[in-house]
Amino acid sequence: MSIPAFPLAWPVGWRRTPAGDRANAKFGKRVRSTQGSWNTKTELTIAQALERVRTQLQMMGIHDDDLVVSTNLELRLDGWPRSGQREPRDPGAAVYWSDRFSRGEPPRCMAIDRYDRVADNLAAVAATLEAMRAIERHGGAEILERAFTGFTALPGATREPWANVLDAADPLGSYRRLRSQHHPDNGGDRDKFERVQRAWEDYQQEACA
């Protein structure tokens, strides 16, 4: 695959989470406390999160040679994101893969930026893959295939330039104003609200590039 592992190659057409809306996740690794219980958690490392992703994809028959993990973390010599780095401004993670049934077709992908740490976004990808494998185990293979088909269809979507919606001189200010104006909870139009959201996501992606 020609998709870069660094910097982050976010799939075109996928929504971005505004930086101020990102959450602190609870994907930490459980460890024993001094009292002997398993209630204590440590922050998940990049290596641990990466292993979760690779394990889930291996269970789907995907080998490392057919896998790209793309983030804003610099790479190790083996091409995987390196642990011990400062969190990048954009902590999103995108995972791309191909399998023997989809040779010659666009790679499948999953991208998450809901959380404020790259490791937690990778862990969220792994958790989502695990949930999708459960769907397949329970007879939902067709649903799963349609879901992944939807994922691969998104990168080809045509997007309106963000500057057509937001004020290029004050993107954040105009985003906040328009978001409040069109928010459905305030009686606004949902289509206009989503148009503003898409414009802000595209602006953020461009700013982080």
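## Burial of strand β4

Strand β4, which covers residues 93-97, is mostly covered, with five of its five residues buried (buried means under 20% relative accessible area, exposed over 50% and partly exposed in between, with a 1.4 Å probe and protein chains only). Ala93, Val95 and Trp97 point one way from β4, whereas Ala94 and Tyr96 point the other way, and all are buried. Strands (E, at least two residues) and helices (H or I, at least four) are DSSP runs numbered from the N terminus.

This is a predicted model, in which local features need pLDDT of at least 70 and side-chain atom pairs count only at pLDDT 80 or more, while totals for chains, interfaces and linings use all residues. Residues are numbered from 1 along each chain as its sequence is written, and side-chain values use heavy atoms, with hydrogens and water left out.

Strand β3 (residues 67-70) runs antiparallel to β4 and is joined to it by four bridges, two strands being paired if DSSP finds at least two bridges between them. In this pairing leucine 67 stands opposite tryptophan 97 of β4.

Five bridges join β4 to strand β5 (residues 108-112), and these two strands also run antiparallel. Valine 95 stands opposite methionine 110 in β5, and tryptophan 97 stands opposite arginine 108.

## Burial of strand β5

Strand β5 is largely enclosed by the rest of the structure, because five of its five residues are buried. Both of its faces are covered, with Arg108, Met110 and Ile112 on one side and Cys109 and Ala111 on the other.
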